[in-house]
Amino acid sequence: MAEVLIIKLGYVDEIPDTVARLTSLSDTFMASVLLKQFENDRVTVVTSREAVGLFKGIGNIRRALAYDHLVSIGLAQEHFDVVVNLEPGWEFCALADSVWADV
């Protein structure tokens, strides 16, 4: 059983340089099809605060974490076998890079 980290916040990219971030729940939900690939693994999902509820009660989801700087710091102390980053922003690429992972 592998430990998997999926980063998918679902932030809308259409409004550059805005302070407020809008979340597309449908975009985040569509990414949940990846869970089938990891059905025998323990998955941690980092998502927006608005989307955490989408992942409640799904069998292989160990944790659904709302993204903030404390989550970033905490995840850097954990080990994952696989990290999947579905966000293009530099901060999420940095988060994925900071996590100790095999793949």
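In this predicted model, R42 is partly exposed, at a relative accessible area of 34%. E3 and R42 form a salt bridge, with the closest N and O atoms 2.7 Å apart. Since E3 sits in strand β1 and R42 in strand β2, the pair ties together parts that are 39 residues apart in sequence.

E3 also pairs with R62, in a salt bridge of 3.3 Å from N to O. This one links distant parts of the chain too, with R62 in strand β3 and E3 in strand β1, 59 residues apart. R62 itself counts as partly exposed, at 35% relative accessibility. It meets E78 as well, through a salt bridge of 3.9 Å, N to O. Here R62 is in strand β3 and E78 in the loop between α2 and β4 (79-80), so parts 16 residues apart in sequence are tied together. E78 is partly exposed, at 22% relative accessibility. Put together, E3, R42, R62, R63 and E78 are linked in a network of salt bridges. The model's salt bridges come to seven in total.

Turning to helix α3 (residues 90-98), the buried residues are E91, F92, L95 and A96. Viewed down the axis of α3, they fall within an arc of 140°, so they line one face of the helix. As for what covers the buried residues of α3, the list includes β1 (3-7), β2 (42-47), α2 (69-75) and β5 (82-85).

Elsewhere, L25, F29 and L54 make a nonpolar surface patch of about 260 Å². L25 belongs to helix α1 (residues 25-30) and counts as partly exposed, at 38% relative accessibility. The backbone oxygen of F29 lies 2.5 Å from a polar atom of the S32 side chain. S32 is in the loop between α1 and β2 and is buried, with a relative accessible area of 17%.

Another buried loop residue is V52, with a relative accessible area of 12%, found between β2 and β3 (61-66). Setting aside neighbours within four places in sequence, V52 is in contact with T47, A64, L65 and A66.

Conventions: Residues numbered from 1 in each chain as written. Predicted model: local features only at pLDDT ≥ 70, side-chain atom pairs only at ≥ 80, totals over all residues. Heavy atoms only, no water. Buried < 20%, exposed > 50% of the residue type's maximum accessible area, 1.4 Å probe, protein only. Helix = DSSP H or I, 4+ residues; strand = E, 2+ residues; numbered from the N terminus. Arc of directions from axis to C-beta. Contact = heavy atoms within 4.5 Å. Patch = residues over 30% accessible without salt bridge, like charges linked within 9 Å, V, L, I, M, F, W, Y side chains within 5 Å. Areas by Shrake-Rupley, 256 points an atom, 1.4 Å probe, with all protein chains shown as cover. Salt bridge = Lys/Arg side-chain N within 4 Å of Asp/Glu carboxyl O. Polar contact = N/O pair within 3.5 Å; in protein donor to acceptor, adjacent residues only side chain to side chain.
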